[in-house]
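Hi,

Here is the structure I said I would pass on to you. Have a look at it first, then read on for what I found.

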Amino acid sequence: MVSEALISPPLTACENSKKLLRADDRPAGWVIADGYVPYPLALETMRARAAAIAAGDAGEAVWLLEHPPLYTAGTSAKASDLLTPDRFPVFDAGRGGQYTYHGPGQRVAYVMLDLRQRGRDVRCLVEGLENWVIDTLAAFNVRGEKREGRVGVWVKRPERGPFAEDKIAAIGVRVSKWVSFHGISFNVSPDLGHYSGIIPCGITDQGVTSLEDLGHIVSMEEVDSVMKSAFERHFGPVEVAQGL
């Protein structure tokens with residue numbers, strides 16, 4: 001049995017995406033935070049909720065929030081990829097992956113799911129998270145795509161060349177005692193200039209984008225509504241909750 005996993009290596013395809021659905025159809029809590037959530041508070045809250053889920057003392061939860069501007073370092077982060085270390089606070093995330101940026105205009109969704117009830121397949125979880133973002137983008141007429149060996153969701157930019165593409169959503173998860181935490185960061189309308197202080201996810205030959213950058217001006221509330229419906233298609237029902 002895998003007790004803990006950090007996801008950053010290339011992933012194989014999930015053979016049966018339906019394994020991500022709970023057999024008992026029990027809904028996960030759907031929580032949207034008010035204001036900007038400090039990163040240390042988010043880490044502490046996620047860890048506590050994941051431990052409670054593993055112990056059987058709490059139900060699953062999806063926590064949607066925004067952070068103030070900051071950089072996070074995953075377990076594979078290289079010091080040389082932090083180009084301006086004094087620009088924003090830098091936090092050890094404890095998840096898989098490398099450096100990424102969080103800030104206003106980016107919808108972060110932390111997923112605390114009990115994989116004991118969802119097939120015990122971490123690779124399927126990551127693929128499900130990618131598909132969740134891809135379905136959300138499709139509702140705004142944006143084609144998101146996966147790439148072999150590069151976790152996340154990508155958008156082709158043919159106006160810049162035949163092979164140009166930008167990342168619109170990063171994914172990094174941690175699994176402990178078969179309960180996940182961390183999740184996705186989806187660019188709605190962040191200041192993309194803030195990414196210049198890092199080499200995002202260690203990738204130097206492609207860029208980053210957002211719905212706004214692609215010409216889609218939508219509110220976070222609109223995005224949340226679409227994300228909720230898309231999540232239910234891949235992971236099953238949710239119920240709105242006031243807090244974790």
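Just after helix 1, Gly-56 has a positive phi of about 80°. Before going further, note that this is a predicted model, in which local features need pLDDT of at least 70, side-chain atom pairs count only at pLDDT 80 or more, and totals for chains, interfaces and linings use all residues. Residues are numbered from 1 along each chain as its sequence is written, and side-chain values use heavy atoms, with hydrogens and water left out.

A word on "helix" and "strand": both are DSSP runs numbered from the N terminus, with helices being H or I over at least four residues and strands being E over at least two. In those terms, the protein has three helices and 13 strands. Its radius of gyration (taken over C-alpha atoms) is 17 Å, close to the 18 Å that the globule rule gives for 244 residues, so the protein is as compact as a globular protein of that length. That rule is 2.2 Å times the number of residues to the power 0.38. Along the principal axes, the C-alpha atoms fill a box of roughly 45 × 35 × 35 Å.

I'll say "buried" a lot: it means under 20% relative accessible area, while exposed means over 50% and partly exposed lies in between (1.4 Å probe, protein chains only). Of the 244 residues, 53% count as buried. Contact, another word to keep handy, means heavy atoms within 4.5 Å. Among contacts between residues at least 6 apart in sequence, 72% join residues at least 24 apart.

In what order do the three strands of the open sheet lie? The order is 5-4-6, with mixed pairing; two strands pair if DSSP finds at least two bridges between them. Strand 5 (90–92) and strand 6 (99–102) are the edge strands with a single partner each, so one side of each has no neighbour in the sheet. On average, neighbouring strands here are turned by 30° against each other, direction ignored. (Axes are lines fitted to C-alpha atoms, for helices over the stretch in contact, and angles run from 0 to 180 degrees between N-to-C directions.)

Strand 4 (residues 70–73) runs parallel to strand 5, with three bridges between them, and antiparallel to strand 6, with four bridges. Look for Tyr-71: its bridge partner is Val-90 in strand 5 and Tyr-101 in strand 6. Strand 6 is covered on both faces, with Tyr-99 and Tyr-101 buried on one side and Thr-100 and His-102 buried on the other.

Helix 1 (residues 39–54) packs on this sheet and touches strand 4, strand 5 and strand 6; its direction makes about 15° with that of strand 5. Its buried residues include Leu-43, Met-46 and Ile-53, and what they pack against includes strand 3, strand 7 and strand 11.

**Helix 3**

Helix 3 (residues 220–235) has 16 residues, which at 1.5 Å a residue should span 22 Å; its end C-alpha atoms are 21 Å apart, which agrees. (The expected span is 1.5 Å times one less than the number of residues.) Among its buried residues are Met-220, Met-227, Phe-231 and Phe-235. Why do the buried residues line one face of the helix? Seen down the axis, they fall within an arc of 135°, so they line one face; the arc is that of the directions from the helix axis to the C-beta atoms. The face turned away from the buried side carries the exposed residues Glu-221 and Arg-233. The cover over the buried residues includes helix 2 (122–138) and strand 13 (238–240). After helix 3 comes Gly-236, with a positive phi near 100°.

Tyr-195 sits in the loop between strand 11 and strand 12 (207–208). Tyr-195 is buried, with a relative accessible area of 7%, and its contacts include Tyr-101 and Pro-200.

Val-31 is in strand 2 and is buried too, with a relative accessible area of 3%. Its contacts include Trp-63 and Leu-244.

Cheers

Definitions and conventions. Lists of a residue's contacts leave out its neighbours within four places in sequence.
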